[in-house]
Amino acid sequence: MSKHNGDKAAAALLTLANDPPHTTWQSRGVQRLLDNNLIWAQSTTDTDPDFFSRLAHQQSPEYFWIGCADSRVPANQIVGLAPGEVFVQRNVGNQAHHSDLNCMACLEYAVTALGIKHVIVSGHYNCGAVRAAICMPQKTEALVNYWIQGIRDVRDEHTDELAQIRGLSARVDRLCELNVIRQVFNVASSPVVQAAWDRGAELAIHGFVYSVDTGLIKVCIVVRGCCEGLWVVVVVV
Ligand SMILES: [Zn+2]
């Protein structure tokens with residue numbers, strides 16, 4: 001960048017910095033978050049004066065949460081965990097593809113660096129991604145159409161069961177459960193988790209489905225290990 005352009009950029013930044021808050025829709029929208037942040041940081045410090053200094057030095061969560069990106073399903077909030085207690089990766093439809101480097105890198109870090117003991121795949125009923133896997137025309141060009149193919153594969157594996165369920169909403173909700181179960185096995189069969197179990201690590205993979213209507217979680221499956229090619233499964237619904 002030339003000096004002249006650099007001066008122009010600096011001038012633009014200065015103008016933005018001097019722009020008083022609450023004058024544009026952008027600043028109004030974000031200012032509320034900054035105000036909330038001040039209140040939250042102060043009240044947290046009032047309750048626990050060492051909270052931030054403790055977290056600043058180390059995070060040692062016991063849980064890794066793979067959840068849907070849906071704004072109604074915030075991981076910490078719905079299971080009552082504070083910052084520092086759960087490592088989180090969220091994506092559309094709470095999927096754990098082995099080809100998803102983001103999810104697999106988070107899983108690797110969670111298991112090998114953080115030493116978490118529980119991986120939780122959490123879906124939710126009435127999930128838009130799952131509904132799209134049933135209703136969205138496959139010729140749709142949007143990227144989400146590619147992304148939900150894994151859920152379509154689950155749908156196709158359970159065609160007979162889903163066909164017997166009356167009503168689209170009920171079919172979507174059952175596919176939400178089946179998708180979570182599939183993603184749990186994707187996590188369980190990942191090299192990171194298989195190697196951890198080989199080392200004798202205490203590690204369980206849980207499948208949750210959350211109800212946005214009631215705020216309650218249903219446990220669909222827990223996988224605790226793999227022995228001679230057989231899964232050690234606690235519950236399946
Ligand atoms: Zn969703």
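Asn94 is buried in this predicted model. Around Asn94, 32 other C-beta atoms lie within 10 Å. A count of 20 or more is enough for the label, so Asn94 qualifies. The residue belongs to the loop between β2 (86-91) and α5 (101-113). Its backbone deserves a look too. Phi of Asn94 is near 40°, which is a positive value in a residue other than glycine. Most residues other than glycine have a negative phi.

Glu228 sits in the loop between β5 (217-227) and β6 (230-236). Is Glu228 buried or exposed? Glu228 counts as exposed, with 4 C-beta neighbours inside 10 Å. The limit for that label is 12 or fewer, so Glu228 meets it.

Now for the sheet. Six strands form an open sheet, and their order is β2-β1-β3-β4-β5-β6. The pairing is mixed. Which strands stand at the edges? They are β2 and β6. Each has a single partner strand, so one side of each is left without a neighbour in the sheet. On average, neighbouring strands of this sheet are turned by 20° against each other, direction ignored. Helix α5 packs on the sheet and touches β1 and β2. The direction of α5 makes about 170° with that of β2.

Strands of a sheet pair through backbone hydrogen bonds, either parallel or antiparallel. Strand β1 (residues 63-68) pairs in the parallel sense with strand β3 (residues 118-124), over five bridges. β1 also pairs with β2 in the parallel sense, over six bridges. The table lists bridge partners.

| Residue | Bridge partner | Strand of the partner |
|---|---|---|
| Phe64 | Val119 | β3 |
| Trp65 | Val88 | β2 |
| Gly67 | Ser122 | β3 |

How many of the six residues of β1 are buried? Six of the six are buried, so β1 is largely enclosed by the rest of the structure.

Pro61 lies in the loop between α3 (51-57) and β1. Pro61 counts as partly exposed, with 19 C-beta neighbours inside 10 Å. Along the chain, Pro61 and Glu85 are 24 residues apart. Yet their C-alpha atoms are separated by 4.3 Å. Leaving out residues up to four places away in sequence, Pro61 touches Gly84, Glu85, Val86, Phe87, Leu114 and Ile116.

Last comes a pair of helices. Two packed helices are described by the angle between their axes and the distance between the axes. Take helix α6 (residues 128-135) and helix α10 (residues 168-188). Their axes come within 9 Å and cross at roughly 110°. Angles of 65 to 115 degrees count as roughly perpendicular, and α6 and α10 are therefore roughly perpendicular to each other. Their crossing is right-handed.

Which residues of α6 and α10 meet? From α6 come Val130, Arg131, Ala133 and Ile134. From α10 come Arg171, Val172, Leu175, Cys176 and Asn179. The residues of this contact divide into six nonpolar, one polar and two charged.

Technical notes: Residues numbered from 1 in each chain as written. Predicted model: local features only at pLDDT ≥ 70, side-chain atom pairs only at ≥ 80, totals over all residues. Axes fitted to C-alpha atoms, helices over the stretch in contact; angles between N-to-C directions. Helix = DSSP H or I, 4+ residues; strand = E, 2+ residues; numbered from the N terminus. Parallel < 35°, antiparallel > 145°, perpendicular 65-115°, else oblique. Left-handed = near helix turned anticlockwise from the far one by under 90°. Contact = placed C-beta atoms within 7 Å. Nonpolar A, V, L, I, M, F, W, Y, C, P; charged D, E, K, R; others polar. Pairing = 2+ DSSP bridges.
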